[in-house]
Amino acid sequence: MPLAILAGLPWSFLAITTSSIFFGILITPIVHNLSLPPDYPHRKSEHPSISPHIPPSTYHLSSDQIQSFRRDGMVILRNVLPPDIAHNMDIAGHDLVRNATRQCEMTRFTGPLLFHGYHRYCGRAQLVHDYLRDVVYKSPLAYVAAQLIGTADAAGSDDDDEKEKEEQPILRQIADTFMAGERIPKRWHSDYLSFANFASDDSSNAAHCQNGVVLWLPMQDTAEESNGMIFINGSSSHFEQHFGDSSTSMITAADNRSHDDPNDFFSYMKWLGALPKNDYVAPRVALGDAIAFDACTVHSSSGLHREGGGIRRAYQLRFLKDFDLNPQKKKKNRKWYRRLLFPSYAVLPVASPQLWPQTLKAEDDVRRKVGHIIYTRIDWIKRLVRAPVYTLLSCMLALRTRMFGDTGASII
(Lines give C-alpha, C1' and ligand atoms only; values in the text may rest on other atoms or scores of the structure.)
Protein backbone atom coordinates (compact mmCIF):
# COMPACT_ATOMS: atom_id res chain seq x y z
CA MET A 1 0.00 0.00 0.00
CA PRO A 2 2.70 2.56 0.86
CA LEU A 3 4.49 1.76 -2.41
CA ALA A 4 1.26 2.27 -4.31
CA ILE A 5 0.84 5.67 -2.67
CA LEU A 6 4.40 6.65 -3.57
CA ALA A 7 3.89 5.44 -7.14
CA GLY A 8 0.96 7.81 -7.48
CA LEU A 9 2.92 10.89 -6.43
CA PRO A 10 4.47 13.21 -9.02
CA TRP A 11 8.16 12.61 -9.71
CA SER A 12 8.92 16.26 -9.02
CA PHE A 13 7.44 15.96 -5.53
CA LEU A 14 9.44 12.81 -4.82
CA ALA A 15 12.63 14.45 -6.10
CA ILE A 16 12.12 17.56 -3.97
CA THR A 17 11.27 15.48 -0.89
CA THR A 18 14.27 13.19 -1.33
CA SER A 19 16.61 16.12 -1.94
CA SER A 20 15.27 17.92 1.14
CA ILE A 21 15.83 14.87 3.34
CA PHE A 22 19.35 14.37 1.97
CA PHE A 23 20.15 18.07 2.45
CA GLY A 24 18.81 17.89 6.01
CA ILE A 25 21.06 14.93 6.77
CA LEU A 26 24.07 16.78 5.35
CA ILE A 27 23.62 19.96 7.37
CA THR A 28 22.56 18.34 10.66
CA PRO A 29 26.17 18.33 11.98
CA ILE A 30 26.52 22.04 11.17
CA VAL A 31 23.28 22.88 12.98
CA HIS A 32 24.52 20.90 15.98
CA ASN A 33 27.96 22.52 15.90
CA LEU A 34 26.50 26.03 15.88
CA SER A 35 24.75 25.23 19.17
CA LEU A 36 27.99 24.32 20.97
CA PRO A 37 29.77 26.55 23.54
CA PRO A 38 32.13 29.01 21.83
CA ASP A 39 35.33 28.63 23.87
CA TYR A 40 37.18 27.29 26.93
CA PRO A 41 36.70 29.99 29.61
CA HIS A 42 37.76 27.91 32.63
CA ARG A 43 41.51 28.04 31.83
CA LYS A 44 42.87 31.50 32.57
CA SER A 45 46.17 33.02 31.50
CA GLU A 46 47.02 36.62 30.69
CA HIS A 47 48.06 37.87 27.28
CA PRO A 48 51.57 39.41 27.41
CA SER A 49 51.21 42.76 29.16
CA ILE A 50 53.86 44.76 27.27
CA SER A 51 53.60 45.79 23.62
CA PRO A 52 55.35 45.15 21.41
CA HIS A 53 55.90 41.70 22.86
CA ILE A 54 59.14 39.95 21.90
CA PRO A 55 58.84 36.14 22.05
CA PRO A 56 61.61 34.42 24.03
CA SER A 57 64.81 33.79 22.09
CA THR A 58 66.01 31.06 24.41
CA TYR A 59 66.28 28.10 22.02
CA HIS A 60 69.29 28.59 19.77
CA LEU A 61 69.65 26.28 16.82
CA SER A 62 73.07 25.03 15.84
CA SER A 63 74.39 25.52 12.33
CA ASP A 64 74.08 21.73 11.86
CA GLN A 65 70.36 21.86 12.73
CA ILE A 66 69.75 24.72 10.32
CA GLN A 67 71.70 23.03 7.55
CA SER A 68 69.78 19.82 8.19
CA PHE A 69 66.52 21.72 7.74
CA ARG A 70 67.82 23.36 4.55
CA ARG A 71 68.97 20.00 3.15
CA ASP A 72 66.21 17.64 4.30
CA GLY A 73 63.25 19.98 4.72
CA MET A 74 62.83 18.89 8.34
CA VAL A 75 64.62 18.72 11.68
CA ILE A 76 63.77 17.24 15.09
CA LEU A 77 64.05 19.60 18.06
CA ARG A 78 64.27 18.16 21.57
CA ASN A 79 62.86 19.92 24.64
CA VAL A 80 62.02 23.06 22.72
CA LEU A 81 59.08 23.95 24.99
CA PRO A 82 59.66 25.15 28.56
CA PRO A 83 58.26 22.58 31.04
CA ASP A 84 55.45 24.81 32.31
CA ILE A 85 54.19 25.63 28.81
CA ALA A 86 54.44 21.97 27.76
CA HIS A 87 52.46 20.96 30.86
CA ASN A 88 49.71 23.49 30.15
CA MET A 89 49.61 22.53 26.47
CA ASP A 90 48.97 18.94 27.58
CA ILE A 91 46.09 20.15 29.79
CA ALA A 92 44.67 22.12 26.85
CA GLY A 93 44.85 19.02 24.68
CA HIS A 94 42.77 17.05 27.16
CA ASP A 95 40.28 19.94 27.33
CA LEU A 96 39.82 19.95 23.58
CA VAL A 97 39.36 16.17 23.42
CA ARG A 98 36.77 16.14 26.23
CA ASN A 99 34.77 19.23 25.29
CA ALA A 100 33.59 20.12 21.79
CA THR A 101 33.23 23.81 20.96
CA ARG A 102 31.80 25.78 18.10
CA GLN A 103 35.26 26.98 16.99
CA CYS A 104 36.68 23.47 16.81
CA GLU A 105 33.78 21.68 15.19
CA MET A 106 33.01 24.39 12.63
CA THR A 107 36.60 24.50 11.40
CA ARG A 108 36.13 20.92 10.20
CA PHE A 109 33.86 22.39 7.51
CA THR A 110 35.90 25.48 6.60
CA GLY A 111 39.37 23.93 6.90
CA PRO A 112 41.12 21.30 4.77
CA LEU A 113 39.08 18.30 3.67
CA LEU A 114 41.35 15.79 5.40
CA PHE A 115 40.14 15.82 8.96
CA HIS A 116 36.57 14.56 9.21
CA GLY A 117 37.87 11.19 10.39
CA TYR A 118 39.66 12.67 13.41
CA HIS A 119 38.10 12.43 16.87
CA ARG A 120 38.77 16.15 17.32
CA TYR A 121 40.06 18.80 14.93
CA CYS A 122 40.37 22.45 15.88
CA GLY A 123 41.63 25.20 13.60
CA ARG A 124 43.01 28.36 15.24
CA ALA A 125 42.56 26.81 18.67
CA GLN A 126 44.70 29.51 20.28
CA LEU A 127 41.84 31.97 19.74
CA VAL A 128 39.65 30.16 22.27
CA HIS A 129 42.06 28.51 24.75
CA ASP A 130 44.51 30.61 26.78
CA TYR A 131 47.03 27.82 27.30
CA LEU A 132 47.42 27.32 23.56
CA ARG A 133 47.74 31.06 23.06
CA ASP A 134 50.65 30.88 25.53
CA VAL A 135 52.34 28.30 23.30
CA VAL A 136 52.15 30.83 20.48
CA TYR A 137 53.28 33.93 22.38
CA LYS A 138 55.32 32.78 25.37
CA SER A 139 57.36 29.90 23.95
CA PRO A 140 60.51 30.27 21.80
CA LEU A 141 58.78 28.73 18.75
CA ALA A 142 58.57 32.03 16.84
CA TYR A 143 62.31 32.47 17.33
CA VAL A 144 62.92 28.90 16.18
CA ALA A 145 60.87 29.54 13.03
CA ALA A 146 62.78 32.77 12.38
CA GLN A 147 66.08 30.93 12.56
CA LEU A 148 64.86 28.27 10.14
CA ILE A 149 63.31 30.68 7.64
CA GLY A 150 65.99 33.37 8.02
CA THR A 151 69.55 33.25 6.74
CA ALA A 152 71.76 30.50 8.12
CA ASP A 153 74.48 32.94 9.19
CA ALA A 154 72.07 35.16 11.11
CA ALA A 155 70.02 32.44 12.70
CA GLY A 156 71.47 31.06 15.89
CA SER A 157 74.49 33.38 15.77
CA ASP A 158 75.71 34.71 19.12
CA ASP A 159 78.54 36.91 17.88
CA ASP A 160 76.76 39.39 15.62
CA ASP A 161 73.51 40.53 17.25
CA GLU A 162 73.01 43.56 15.01
CA LYS A 163 73.31 41.49 11.84
CA GLU A 164 70.85 38.99 13.30
CA LYS A 165 68.26 41.71 13.96
CA GLU A 166 68.63 43.08 10.44
CA GLU A 167 68.36 39.75 8.65
CA GLN A 168 65.64 38.01 10.61
CA PRO A 169 62.41 37.91 8.56
CA ILE A 170 59.07 39.29 9.65
CA LEU A 171 56.89 36.29 10.45
CA ARG A 172 53.22 35.77 11.05
CA GLN A 173 51.80 32.72 12.76
CA ILE A 174 49.31 32.06 10.00
CA ALA A 175 47.52 29.07 11.50
CA ASP A 176 47.48 26.71 14.43
CA THR A 177 45.73 23.36 14.54
CA PHE A 178 44.90 20.80 17.20
CA MET A 179 44.40 17.23 15.96
CA ALA A 180 43.40 14.16 17.93
CA GLY A 181 42.45 10.70 16.76
CA GLU A 182 42.58 7.05 17.77
CA ARG A 183 42.84 5.52 14.30
CA ILE A 184 44.31 8.22 12.10
CA PRO A 185 44.50 7.25 8.41
CA LYS A 186 47.69 7.33 6.38
CA ARG A 187 47.43 10.05 3.74
CA TRP A 188 50.55 11.50 2.13
CA HIS A 189 50.47 15.25 1.51
CA SER A 190 52.49 18.42 1.85
CA ASP A 191 51.25 21.80 3.06
CA TYR A 192 52.51 23.79 0.08
CA LEU A 193 49.09 24.68 -1.36
CA SER A 194 47.81 25.79 2.03
CA PHE A 195 50.82 28.07 2.47
CA ALA A 196 50.58 29.34 -1.12
CA ASN A 197 46.98 30.34 -0.46
CA PHE A 198 48.25 33.01 1.94
CA ALA A 199 51.63 33.89 0.41
CA SER A 200 51.96 37.36 -1.07
CA ASP A 201 53.94 35.95 -4.02
CA ASP A 202 51.37 34.12 -6.16
CA SER A 203 53.41 33.87 -9.36
CA SER A 204 52.57 30.67 -11.17
CA ASN A 205 55.91 28.88 -11.10
CA ALA A 206 57.37 30.07 -7.81
CA ALA A 207 58.16 27.19 -5.46
CA HIS A 208 59.50 28.79 -2.28
CA CYS A 209 59.39 25.84 0.08
CA GLN A 210 61.26 27.31 3.02
CA ASN A 211 59.33 30.56 3.24
CA GLY A 212 56.94 28.59 5.45
CA VAL A 213 57.60 26.25 8.36
CA VAL A 214 55.36 23.93 10.38
CA LEU A 215 56.18 23.12 13.99
CA TRP A 216 54.44 19.87 15.00
CA LEU A 217 54.17 19.39 18.76
CA PRO A 218 53.24 15.99 20.21
CA MET A 219 51.25 15.91 23.45
CA GLN A 220 52.51 12.47 24.47
CA ASP A 221 55.19 9.97 23.47
CA THR A 222 54.62 9.39 19.77
CA ALA A 223 56.24 6.97 17.33
CA GLU A 224 55.46 5.25 14.05
CA GLU A 225 53.64 2.37 15.73
CA SER A 226 51.30 4.77 17.56
CA ASN A 227 49.94 7.06 14.83
CA GLY A 228 53.23 8.96 14.70
CA MET A 229 54.32 11.26 11.91
CA ILE A 230 56.38 10.00 8.97
CA PHE A 231 58.25 12.11 6.40
CA ILE A 232 59.56 11.24 2.95
CA ASN A 233 63.30 11.74 2.71
CA GLY A 234 64.29 14.55 0.35
CA SER A 235 60.72 15.33 -0.75
CA SER A 236 61.18 19.09 -0.31
CA SER A 237 64.22 19.15 -2.60
CA HIS A 238 62.42 16.87 -5.05
CA PHE A 239 59.51 19.32 -5.10
CA GLU A 240 61.73 22.29 -5.92
CA GLN A 241 63.69 20.36 -8.52
CA HIS A 242 60.48 19.21 -10.21
CA PHE A 243 58.65 22.52 -10.27
CA GLY A 244 61.65 24.83 -10.33
CA ASP A 245 61.31 28.60 -10.25
CA SER A 246 60.92 30.24 -13.65
CA SER A 247 61.74 33.62 -12.17
CA THR A 248 65.30 32.55 -11.34
CA SER A 249 66.00 29.54 -13.56
CA MET A 250 66.33 28.89 -17.27
CA ILE A 251 64.20 25.78 -17.79
CA THR A 252 64.70 23.77 -20.96
CA ALA A 253 63.78 20.26 -22.01
CA ALA A 254 67.37 19.19 -21.40
CA ASP A 255 67.08 20.23 -17.75
CA ASN A 256 64.82 17.21 -17.06
CA ARG A 257 62.63 19.54 -15.01
CA SER A 258 58.93 20.22 -15.31
CA HIS A 259 57.07 23.29 -16.52
CA ASP A 260 54.26 22.34 -14.15
CA ASP A 261 52.72 25.00 -11.94
CA PRO A 262 53.12 24.05 -8.26
CA ASN A 263 49.98 26.08 -7.47
CA ASP A 264 47.95 23.90 -9.82
CA PHE A 265 46.12 21.20 -7.83
CA PHE A 266 46.24 18.54 -10.55
CA SER A 267 49.93 19.13 -11.32
CA TYR A 268 50.64 18.88 -7.61
CA MET A 269 48.63 15.66 -7.26
CA LYS A 270 50.37 14.11 -10.29
CA TRP A 271 53.75 14.87 -8.75
CA LEU A 272 52.65 13.56 -5.35
CA GLY A 273 51.33 10.32 -6.86
CA ALA A 274 54.60 9.64 -8.69
CA LEU A 275 56.84 10.41 -5.71
CA PRO A 276 58.54 7.27 -4.28
CA LYS A 277 57.33 6.75 -0.73
CA ASN A 278 59.33 3.81 0.61
CA ASP A 279 62.22 5.87 2.00
CA TYR A 280 60.76 7.75 4.95
CA VAL A 281 61.78 9.02 8.39
CA ALA A 282 59.69 8.09 11.44
CA PRO A 283 60.78 10.25 14.42
CA ARG A 284 60.11 9.21 18.00
CA VAL A 285 59.16 12.32 19.97
CA ALA A 286 57.70 13.27 23.35
CA LEU A 287 55.85 16.12 25.01
CA GLY A 288 58.10 19.20 24.83
CA ASP A 289 59.74 18.16 21.54
CA ALA A 290 58.92 19.52 18.09
CA ILE A 291 59.30 18.39 14.51
CA ALA A 292 59.97 21.31 12.18
CA PHE A 293 59.34 20.83 8.48
CA ASP A 294 58.95 23.14 5.52
CA ALA A 295 55.96 23.81 3.28
CA CYS A 296 56.93 21.22 0.65
CA THR A 297 57.96 18.24 2.78
CA VAL A 298 55.61 15.31 2.17
CA HIS A 299 54.35 13.74 5.37
CA SER A 300 51.55 11.69 6.87
CA SER A 301 50.39 9.97 9.99
CA SER A 302 51.75 6.43 9.94
CA GLY A 303 48.32 4.81 9.87
CA LEU A 304 49.50 2.35 12.53
CA HIS A 305 47.69 2.03 15.81
CA ARG A 306 48.69 0.08 18.89
CA GLU A 307 45.72 -1.54 20.61
CA GLY A 308 45.02 0.29 23.84
CA GLY A 309 47.26 3.14 22.72
CA GLY A 310 44.51 5.71 23.16
CA ILE A 311 44.02 8.95 21.30
CA ARG A 312 47.05 10.61 19.73
CA ARG A 313 47.00 14.36 20.37
CA ALA A 314 49.16 16.96 18.65
CA TYR A 315 49.28 20.71 18.16
CA GLN A 316 50.93 22.44 15.23
CA LEU A 317 51.86 26.02 14.39
CA ARG A 318 52.54 27.44 10.94
CA PHE A 319 54.79 30.41 10.33
CA LEU A 320 55.10 32.29 7.05
CA LYS A 321 56.92 35.34 5.82
CA ASP A 322 55.38 37.57 3.12
CA PHE A 323 51.88 36.79 4.38
CA ASP A 324 48.85 38.23 2.55
CA LEU A 325 46.10 39.17 5.02
CA ASN A 326 43.52 39.36 2.24
CA PRO A 327 44.04 36.43 -0.14
CA GLN A 328 40.61 37.05 -1.69
CA LYS A 329 42.04 39.83 -3.85
CA LYS A 330 44.11 37.20 -5.74
CA LYS A 331 41.25 34.75 -6.04
CA LYS A 332 40.10 35.85 -9.48
CA ASN A 333 43.51 34.99 -10.95
CA ARG A 334 43.33 31.37 -9.78
CA LYS A 335 41.97 28.44 -11.71
CA TRP A 336 38.41 27.51 -10.85
CA TYR A 337 39.27 24.20 -9.21
CA ARG A 338 41.87 25.81 -6.97
CA ARG A 339 39.28 28.36 -5.87
CA LEU A 340 36.94 25.44 -5.17
CA LEU A 341 39.38 23.25 -3.24
CA PHE A 342 41.16 26.08 -1.43
CA PRO A 343 38.61 28.85 -0.79
CA SER A 344 40.15 32.09 0.40
CA TYR A 345 38.83 34.00 3.38
CA ALA A 346 40.00 37.40 4.49
CA VAL A 347 41.88 36.83 7.76
CA LEU A 348 41.63 38.95 10.87
CA PRO A 349 45.18 40.14 11.63
CA VAL A 350 44.71 39.21 15.28
CA ALA A 351 43.87 35.63 14.21
CA SER A 352 47.19 35.33 12.36
CA PRO A 353 49.38 37.60 14.47
CA GLN A 354 52.78 38.97 13.64
CA LEU A 355 55.18 37.36 16.12
CA TRP A 356 58.70 37.98 14.91
CA PRO A 357 60.77 40.00 15.46
CA GLN A 358 58.02 41.43 17.68
CA THR A 359 54.25 41.65 17.91
CA LEU A 360 52.17 44.63 16.81
CA LYS A 361 50.61 46.83 19.49
CA ALA A 362 47.26 47.08 17.68
CA GLU A 363 46.92 43.29 17.58
CA ASP A 364 47.97 42.92 21.21
CA ASP A 365 45.44 45.57 22.28
CA VAL A 366 42.61 43.58 20.70
CA ARG A 367 43.60 40.36 22.47
CA ARG A 368 43.93 42.10 25.83
CA LYS A 369 40.60 43.88 25.38
CA VAL A 370 38.35 41.07 24.12
CA GLY A 371 40.19 37.96 25.34
CA HIS A 372 39.05 35.03 23.25
CA ILE A 373 38.33 35.75 19.59
CA ILE A 374 34.90 34.22 19.12
CA TYR A 375 33.20 33.87 15.76
CA THR A 376 29.44 34.23 16.10
CA ARG A 377 26.94 31.85 14.53
CA ILE A 378 26.28 34.46 11.84
CA ASP A 379 30.03 34.70 11.14
CA TRP A 380 30.21 30.95 10.55
CA ILE A 381 27.12 30.90 8.35
CA LYS A 382 28.60 33.70 6.21
CA ARG A 383 31.82 31.72 5.77
CA LEU A 384 29.89 28.64 4.70
CA VAL A 385 27.70 30.56 2.27
CA ARG A 386 30.71 32.34 0.78
CA ALA A 387 32.02 28.98 -0.48
CA PRO A 388 28.85 26.92 -1.08
CA VAL A 389 30.38 24.20 -3.28
CA TYR A 390 33.24 23.65 -0.85
CA THR A 391 30.77 23.53 2.04
CA LEU A 392 28.65 20.94 0.23
CA LEU A 393 31.72 18.84 -0.58
CA SER A 394 32.87 19.00 3.03
CA CYS A 395 29.42 17.97 4.28
CA MET A 396 29.38 15.02 1.87
CA LEU A 397 32.81 13.88 3.03
CA ALA A 398 31.69 14.20 6.65
CA LEU A 399 28.67 12.00 5.90
CA ARG A 400 30.82 9.44 4.06
CA THR A 401 33.22 9.31 7.01
CA ARG A 402 30.40 8.82 9.51
CA MET A 403 28.96 5.99 7.43
CA PHE A 404 32.07 4.19 6.16
CA GLY A 405 35.02 5.53 8.15
CA ASP A 406 38.15 7.12 6.71
CA THR A 407 40.68 4.77 5.12
CA GLY A 408 42.94 7.54 3.86
CA ALA A 409 42.57 6.23 0.32
CA SER A 410 42.64 9.66 -1.30
CA ILE A 411 43.63 13.20 -0.39
CA ILE A 412 40.01 14.24 -0.16
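At what angle do helix H4 and helix H6 pack, and how far apart are their axes? Before selecting them, note that this is a predicted model, in which local features need pLDDT of at least 70 and side-chain atom pairs count only at pLDDT 80 or more, while totals for chains, interfaces and linings use all residues. Residues are numbered from 1 along each chain as its sequence is written, and side-chain values use heavy atoms, with hydrogens and water left out.

**Stop 1: two helices**

Select residues 83-98 for H4 and residues 130-138 for H6. Helices (H or I, at least four residues) and strands (E, at least two) are DSSP runs, numbered from the N terminus. The two helices pack at an angle of about 145°, and their axes are 8 Å apart. Axes here are lines fitted to C-alpha atoms, for helices over the stretch in contact, and angles run from 0 to 180 degrees between N-to-C directions.

Now show the side chains of the contact (heavy atoms within 4.5 Å). H4 contributes Ile85, Asn88, Met89, Ile91, Ala92 and Leu96, and H6 contributes Tyr131, Leu132, Asp134, Val135 and Lys138.

**Stop 2: strand E2**

Move to residues 120-123, which form strand E2. In a regular strand the side chains alternate between the two faces of the sheet. In E2 both faces are covered: Arg120 and Cys122 on one side, and Tyr121 and Gly123 on the other, are all buried. Buried means under 20% relative accessible area, exposed over 50%, and partly exposed in between (1.4 Å probe, protein chains only).

E2 and E3 run antiparallel and are joined by 4 bridges; two strands pair if DSSP finds at least two bridges between them. Gly123 has Thr177 as its bridge partner in E3.

**Stop 3: aromatic pairs**

Rings of Phe, Tyr and Trp (its six-membered ring) pair if their centres lie within 6.5 Å; planes under 30 degrees apart count as stacked, over 60 as edge-to-face and the rest as tilted. Phe115 counts as buried because its relative accessibility is 12%, and Tyr121 is buried too, at 5%.

Next select Trp188 and Tyr280, a tilted pair with 6.3 Å centre to centre and 55° between the planes. Trp188 is buried at 12%, whereas Tyr280 is partly exposed at 31%.

For a group of rings, select Tyr192, Phe239, Phe243, Tyr268 and Trp271, which ring pairs link into a cluster.

**Stop 4: a three-stranded sheet**

From Tyr280, display the open sheet of 3 strands in the order E6-E5-E8, with antiparallel pairing. E6 (280-281) and E8 (299-301) stand at the edges with a single partner strand each, so one side of each has no neighbour in the sheet. E5 (residues 229-232) is joined to E8 by 3 bridges, and Met229 stands opposite Ser301 in E8.

**Stop 5: Ala295**

Finish in the loop between strand E7 (290-294) and E8, where Ala295 is found. Is Ala295 buried or exposed? Ala295 is buried, with a relative accessible area of 2%. Its contacts, leaving out residues up to four places away in sequence, are Ser190, Asp191, Tyr192, Phe195, Cys209 and Gly212. Last, draw a C-alpha to C-alpha distance from Ala295 to Met74: they are 9.8 Å apart in space and 221 residues apart in sequence.
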